[in-house]
Amino acid sequence: MQEFRIKAEKIRKASKACDGAILGRNVLFVIPPTHTGIDGITKNLAQYKEIPYGILSIIAYVKARTQVNAQFKILDMNLYGDPAEQLIRKYLDEFQPDIVGISGLFTSMFNQVREVSEIIKAIRPQALLVVGGNVSTNCHEELFKYNPYVDAACFSEGEIPMFDLINAVDQQALLDSHQAWITREKYQNGFHAHALYVEDLDDIPPLDFGLLDLDLYDTRCRNNNPFHNDGRGGKRLPFISSRGCPFKCVFCAAGSLSGTKMRYMSPKRFLEDVRNAVEKFGLTKIVINDDQALLRKDRMKEILAGLAEMNLILEFPSGLNVKFIDAELARLFKAAGLEIANLAIESGSERVLKDIIDKPMKVKDVRPAVDMIRENGLLVHGFFIFGFVGETEEDRQATIDLIRTAGIDWANIYAAAPIRGSRLYQICKEKGFIIDDSDILSTNIYQSDIRTCDLEPEELTRYVYRVNLDVNFINNYRLLNGDYDIAIGYFGNVVNNHPEHAFAHYALAKAYELKGGHQQHAEEHIRIYRSIVARDPDWAARAKEFSVQ
C-alpha cells in the first residue's frame with residue numbers, strides 16, 4: 001500500500017480550512033473500558049489504566065497549528081466507577097462537543113466502541129462521531145457493518161487527519177475527500193485509505209499531561225517487579241522517541257498503524273521533554289514505548305546517557321531486540337534507571353524465528369545479551385509466543401529449554417493471536433482458520449481460539465498456561481538459583497494481585513522455607529495453597545499434574 005507522508009508545514013499551506021472565518025470546536029476524546037464491557041468497571045473488572053499518549057499527541061499537534069478556537073477534553077472510562085451512560089451523559093451535557101473521537105486502540109475493544117457509540121449518538125446525535133486506533137485502521141469493514149452510529153474512521157496515525165478535520169469549514173466535504181478518513185459511503189464505493197504520517201517527530205509539541213488527572217492513573221511500573229521501585233512515588237509517564245517498524249514479524253500489527261519507515265524525534269528534543277515533565281508533572285518513572293528502540297543504537301545511547309543524569313526509573317515495555325544489545329548499551333540501561341530488561345525473544349527455535357516469524361535475530365543472540373544485562377545488575381524478562389502456524393512440539397520444547405537455560409527471571413508466555421493488521425491474520429484467513437467476524441472479539445494473546453498449529457485451540461491454551469506455571473513458579477530461575485529475596489518479591493507480587501493463585505502461594509512458601517528464618521510465613525502460604533487446591537478442581541488438577549503437594 002502506498003504511504004503518503006506530509007510535513008506539518010506542507011499541511012498548513014495545503015489546508016483551506018477556516019478561510020478567515022472564526023470557528024470554535026469542542027472536541028471530546030472517549031476511551032472505552034479496554035478489556036471488559038462498558039459497565040465492567042462498576043464490577044471492579046477494568047484494570048487497564050494507561051495514560052493515552054496518542055490522544056495527547058493529537059491534541060498537542062492540533063493546538064500548535066490550528067486557526068480554530070479548539071477546546072479539548074478526555075474521558076477515560078477506565079478511571080471511573082459510574083455506569084457508562086451516566087458518565088458519558090455528564091461529559092456530553094457539560095462540554096457540548098462538536099466532535100467526539102472514540103479511541104479503539106486494540107481490536108478487542110470493538111464491542112465497547114460500538115456500545116459507547118450508541119450511547120453518544122442517542123444523547124448528542126448532532127455531534128460528529130469518529131473512531132481511531134486499530135479498530136478503525138484494521139477493522140473498518142466490520143466497523144461500518146456492525147456500528148451504524150459512527151460517522152468516520154481514521155486510518156492509521158491521527159495527528160494530521162484530526163488537524164484537517166478540526167480546521168475544516170465544511171467537515172463533511174473534508175471527510176468525503178480526505179485520503180485518511182473513511183466514511184460509510186466511501187467504504188461502500190471501494191475507497192482505499194492512505195495514512196498521513198508526521199515525518200519529523202520534533203514537529204509534535206511537548207505533551208500536556210495536565211489535561212489528565214494524573215493521580216487517577218497507575219503510577220507503579222507495570223512489570224512484575226520485585227524491586228518495588230524504591231517507594232519514591234511520583235508520576236509514571238509515557239514517551240515515544242521513534243515511530244514505525246521496518247520488520248515484518250508475523251504476529252505483529254505495529255506496521256499497519258505506524259508504518260514500516262522509521263521516524264524519529266531528536267535526542268536533544270526528547271530529553272528536553274523529559275526534563276520538562278520532571279519539573280512540571282513530577283515525573284519519576286519514564287516509559288519509552290518505541291516499537292524499535294534500539295534500531296539506531298548511537299541515538300538511543302545518547303538518550304540513555306541523558307536520562308542517566310535525571311535519577312529516573314526507566315521502562316521499555318514493548319520489548320528489546322537482543323540482536324542490538326551490546327556491553328555499552330547494557331551499562332547505559334542501568335545508568336538510565338532500567339531495572340528490568342524486557343527482551344522480545346518470542347521463540348527458542350531457530351526454525352520458527354527464521355522461517356515462521358521472520359524475526360531479525362538468532363537464538364545464539366539471546367544468552368550473550370542476557371549475560372551483559374545481568375552483569376549490570378538488571379533483571380531479565382522475556383516475551384515468548386506459542387502456537388504459530390507450522391510450529392511443532394520440538395519447536396515448543398526448544399523455547400522452554402531456552403527459558404530454563406538462558407537465565408530468564410520471568411517469562412511472559414502468550415498464545416499466537418491472529419491480530420487484525422498482522423501477517424498471521426492474513427495467513428489464517430487464507431488457510432480458512434477464520435470463517436467469520438467473531439475473531440474481532442475473541443482474539444487475544446492469552447488463549448487460542450483459532451487452530452494455528454498442531455494443537456487444538458483449547459489444548460494450546462492449556463499448554464501456554466502450563467508453561468507459565470512451570471518456568472515462573474515451579475522452576476523459577478531465581479528460586480532454583482538461591483536468590484530467595486528476589487523470588488519472594490516476584491511471588492509476593494502475584495499473590496497481591498491474584499490472591500487465589502495457588503502456585504504463587506506454593507512457590508512463596510517454598511522460597512520462605514529455603515531462605516530460612518521465616519517458618520511462619522512458609523506455613524501460612526502452604527496452608528492457603530492447600531485450601532485453594534481443596535476447593536478448586538482446576539488447581540487440584542494442576543497440582544496433580546506437577547506432583548505438587
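A: A salt bridge here is a side-chain nitrogen of Lys or Arg within 4 Å of a carboxyl oxygen of Asp or Glu. The model is predicted: local features need pLDDT of at least 70, side-chain atom pairs count only at pLDDT 80 or more, and totals for chains, interfaces and linings use all residues. Residues are numbered from 1 along each chain as its sequence is written, and side-chain values use heavy atoms, with hydrogens and water left out.

Q: Which residues are linked with E159 in a network of salt bridges?
A: E157, R243 and R263.

Q: How far apart are N and O in the salt bridge of R263 and E157?
A: The distance is 3.0 Å. R263 is in strand β11 (residues 263–264) and E157 in the loop between β6 and α7, so the pair ties together parts 106 residues apart in sequence. Helices (H or I, at least four residues) and strands (E, at least two) are DSSP runs, numbered from the N terminus.

Q: Are R263 and E157 buried or exposed?
A: Both are buried. Buried means under 20% relative accessible area, exposed over 50%, and partly exposed in between, with a 1.4 Å probe and protein chains only.

Q: How many salt bridges are in the whole structure?
A: A search finds 29. One of them joins the side chains of R420 and E142, at 3.1 Å from N to O. R420 is in the loop between β16 (410–415) and α17 (423–430), and E142 is in helix α6 (residues 140–146), 278 residues apart. R420 has 4% relative accessibility and E142 has 5%, so R420 and E142 count as buried.

Q: Now the sheet. What is the strand order?
A: The order is β3-β2-β4-β5-β6-β7, in an open sheet of six strands with mixed pairing. Two strands pair if DSSP finds at least two bridges between them. The edges are β3 (69–76) and β7 (181–183), each pairing on one side only.

Q: How many bridges join β4 to β5?
A: Six, between residues 99–104 of β4 and 128–133 of β5, and the two strands run parallel. I102 has V131 in β5 as its bridge partner.

Q: Last topic: how many disulfides does the search find?
A: Zero in the whole structure, where a disulfide is a pair of cysteine sulfur atoms within 2.5 Å.
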